[in-house]
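Have the sequence and the 3D view ready. This short report looks at contacts, a cavity and a surface patch.

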Amino acid sequence: MSKKIVLTGGGTAGHVNPNLALVPLLKEHGFEISYIGSEKGIEKEIIERSDLPFYGISSGKLRRYFSWENFSDIFKILKGYSQSKKILKKLRPDILFSKGGYVSVPVVFAANRMKIPVVIHESDYTPGLANRLCIPKAKRVCVSFEAACKHIPEEKCVKTGSPVRAELFGGSREAGLARLGFSGKKPVLLIMGGSLGALAVNEAVDEILDALLEKFDIVHIRGAEKLNPALNGKAGYAQFEYVTDELPDLFASADLMLSRSGANAIFEILALCIPALLIPLPLEASRGDQILNANYFAGKGFSLVLQQNDITPQVLLSKIEQLAEQSETLKKNMRESGIQNGAQNVAQVIFAVSEGK
């Protein structure tokens, strides 16, 4: 008799894609898979494209600052908890796996209440608020960074690395260049601001675009509703709001990257050995996890870092030129890191917990 698992997590693609990285391994092990996410979150669109059964719930944002919305969102979270209990009662899963994000909190609490074992994955250097709330309810907590273990009870913490989708390794450089309309004579710079985009990065790149295009062909993933119509048709430049099926080919075509430093993004960069300039979210827009992630990768010699508050057009241009100069060294360090795709490790934890171990 096959086992059943429910996956949850959302808010950004970084809370969804690692779940998708586990799906082939779970299917190989005979699991029936369902997904619970926010009714209006990015995860709904992503998961429905993957053909997994998706169940939407009400979700409220967990803010670390005062907002009147915190009060109304309490009721959204309570509603999500009630909805999660009904869905879990219907599905009767053997285990719940959570990748975090605020939508996961009511799902994890409902599963714990119903005595469904919970496994969590924490990607960042320190656990986020959603996972901090959920850790007491979890049987095991998988982490990407060993440093995260000091925030988690020793008997629960397992260092697994971060799950990376297998399809990212199957891209074609030729197909990517053809899709972009690039000749391949110049190195390709791939710019990604995360699934929600990065306006500050986009604007800084736009200011130095002509100078960059003298040396690079550029593919720019700008985020939803953040395209710049004035740049349409510009030679050597291709812009997208968000990329899904073509992403493996775009990664394969990229010689360099400029990226945010969410944990899932940087572990994908590491797995693919793409030299990157990381621009973490600043403290005023985050809890500082991306800064810690970026500094860790820079310390290991995997990437360069530029703080968003330090960006000027000339500084950004200089840093990208420095990245190109150091690219071979960065690639060598990544190849020799010994850090592997964590999908198999996380799957093994799930299998063990589902068997009562």
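The text below starts with the model itself, then moves to its contacts.

This is a predicted model, where local features need pLDDT of at least 70, side-chain atom pairs count only at pLDDT 80 or more, and totals for chains, interfaces and linings use all residues. Residues are numbered from 1 along each chain as its sequence is written, and side-chain values use heavy atoms, with hydrogens and water left out.

**Contacts**

The count comes to eleven salt bridges (a side-chain nitrogen of Lys or Arg within 4 Å of a carboxyl oxygen of Asp or Glu). There are nine aromatic pairs (ring centres within 6.5 Å; planes under 30 degrees apart are stacked, over 60 edge-to-face, the rest tilted). One example of each follows.

| Pair | Type | Distance |
|---|---|---|
| Glu-268 and Arg-165 | salt bridge | 3.1 Å, N to O |
| Tyr-125 and Tyr-296 | aromatic pair | 5.7 Å between ring centres |

The planes of Tyr-125 and Tyr-296 stand at 50°, so the pair is tilted. This pair links distant parts of the chain, 171 residues apart, with Tyr-296 in helix 11 (residues 289-299). Glu-268 sits in helix 10 (residues 263-272), and its partner Arg-165 is 103 residues away in a loop.

**Cavity**

There is one cavity of 30 Å³ or more (a set of points on a 1 Å grid where a 1.4 Å probe fits but cannot get out). The largest cavity holds about 50 Å³ of space. Its lining includes Ser-162, Phe-267 and Asn-341.

**Surface**

Ile-74, Phe-75 and Leu-78 make a nonpolar surface patch of about 330 Å² (residues with over 30% relative accessible area and no salt bridge, nonpolar side chains joined within 5 Å).

Methods: Patches are made of residues with over 30% relative accessible area and no salt bridge: like charges are joined within 9 Å, nonpolar side chains (Val, Leu, Ile, Met, Phe, Trp, Tyr) within 5 Å. Accessible areas come from the Shrake-Rupley method with a 1.4 Å probe; for residues, only the protein chains shown count as cover. On a 1 Å grid over the protein atoms alone, a cavity is a set of points where a 1.4 Å probe fits but cannot get out, and a pocket is an open set with protein on both sides within 12 Å along at least five of seven lines; lining residues have an atom within 4 Å of a point. Grid points are joined across faces, edges and corners, and a volume is the space filled by probe spheres set on the points. Rings of Phe, Tyr and Trp (its six-membered ring) pair if their centres lie within 6.5 Å; planes under 30 degrees apart count as stacked, over 60 as edge-to-face and the rest as tilted. Helices (H or I, at least four residues) and strands (E, at least two) are DSSP runs, numbered from the N terminus.
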